[in-house]
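Good morning, and thank you for coming. Please take a moment to look at the sequence and the structure.

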Amino acid sequence: MEKLQDFQVAARGEGFIEVKDNEDGSVAWFRNALPDPDTNVHKRLCIDSLTSSATVYWETTGAKLNSKTFRTASSMRAWLSFNPVG
């Protein structure tokens, strides 16, 4: 449970806001507050309690969807510092 809270704190600290669109309660969805300047699309973040992981989804120019999964909040925070959310 503490690991999931670490992901949530890291997400909020990196500019993500929670989105209330899950029904089963095993995941928490976030999106960045501002869209990416190049694509005008919001990055999304899924924190999964079943796998104790977080995955960031984003779109690049040309509408290519990318994702990156993290097992620790510190690795997610480090990656986001080099790939800002908006």
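This is a predicted model: local features need pLDDT of at least 70, side-chain atom pairs count only at pLDDT 80 or more; totals for chains, interfaces and linings use all residues.

**The sheet and its helices**

The sheet is an open one, built from five strands in the order E1-E2-E3-E4-E5 with antiparallel pairing. Strand E1, residues 16-19, and strand E5, residues 64-70, are at the edges; each has a single partner strand, so one side of each has no neighbour in the sheet. From one strand to the next, the twist averages 25°.

Let us take one pairing in detail. Strand E3 covers residues 44-48 and strand E4 covers residues 53-60; the two run antiparallel and are joined by five bridges. Within this pairing, Cys46 stands opposite Thr55 in E4.

Two helices pack on the sheet. Helix H1, residues 2-13, touches E1, strand E2 (27-32), E3, E4 and E5, and its direction makes about 165° with that of E3. Helix H2, residues 73-82, touches E1, E3, E4 and E5, and its direction makes about 140° with that of E5.

**The buried face of H2**

Which residues of H2 are buried? They are Ala73, Met76, Trp79 and Leu80. Viewed down the axis of H2, these buried residues fall within an arc of 125°, so they line one face of the helix. The elements that cover them include H1, E1, E3, E4 and E5.

Ser74 also lies in helix H2. Its relative accessible area is 49%, so Ser74 counts as partly exposed, since the class of exposed residues begins over 50%. In sequence, Ser74 and Phe7 are 67 residues apart, yet their C-alpha atoms are 8.4 Å apart in space.

**The aromatic cluster**

I turn now to the aromatic rings. The count comes to three aromatic pairs. One of them is formed by Trp58 and Trp79, a tilted pair with 5.1 Å from centre to centre and 45° between the planes. This pair links distant parts of the chain, for Trp58 belongs to strand E4 and Trp79 to helix H2, 21 residues apart.

Is Trp58 buried or exposed? Trp58 has a relative accessible area of 18% and is therefore buried, as the limit for a buried residue is under 20%. Trp79, at 16% relative accessibility, counts as buried too.

Trp79 has a further ring partner in Phe70: the ring centres are 5.6 Å apart and the planes stand at 50°, so this pair is tilted. Phe70 is buried, as is Trp79. Taken together, ring pairs link Trp58, Phe70 and Trp79 into a cluster.

**Ala10 in helix H1**

Next, a residue from the other helix. Ala10 lies in helix H1, and with 3% relative accessibility Ala10 counts as buried. What does Ala10 contact, leaving aside its neighbours within four places in sequence? The answer is Ala73, Met76 and Arg77. Two of the residues named here, Ala73 and Met76, are among the buried residues of H2. Ala10 and Ala78 are 68 residues apart along the chain, and their C-alpha atoms are separated by 10.0 Å.

**Two loop residues**

Asn40, in the loop between E2 and E3, has a phi near 60°, which is a positive value in a residue other than glycine. At 60% relative accessibility, Asn40 counts as exposed. Ser52, found in the loop between E3 and E4, likewise has a positive phi, near 50°, and is a residue other than glycine. Ser52 is partly exposed, with a relative accessible area of 25%.

**The chain as a whole**

Let me close with the overall picture. The protein chain has two helices and five strands, and along the sequence they follow the pattern α-β-β-β-β-β-α. For 86 residues, a compact globule would have a radius of gyration near 12 Å; the chain has 12 Å, so it agrees with that expectation. Along the principal axes, the C-alpha atoms fill a box of roughly 35 × 30 × 20 Å.

Buried residues make up 34% of the 86 residues. Finally, of the contacts with a separation of 6 or more, 32% come from residues 24 or more positions apart. Thank you for your attention.

Definitions and conventions. Residues are numbered from 1 along each chain as its sequence is written. Side-chain values use heavy atoms; hydrogens and water are left out. Two strands pair if DSSP finds at least two bridges between them. Helices (H or I, at least four residues) and strands (E, at least two) are DSSP runs, numbered from the N terminus. Axes are lines fitted to C-alpha atoms, for helices over the stretch in contact, and angles run from 0 to 180 degrees between N-to-C directions. Contact means heavy atoms within 4.5 Å. Buried means under 20% relative accessible area, exposed over 50%, partly exposed in between (1.4 Å probe, protein chains only). Rings of Phe, Tyr and Trp (its six-membered ring) pair if their centres lie within 6.5 Å; planes under 30 degrees apart count as stacked, over 60 as edge-to-face and the rest as tilted. The arc is that of the directions from the helix axis to the C-beta atoms. The radius of gyration is taken over C-alpha atoms; the globule rule is 2.2 Å times the number of residues to the power 0.38.
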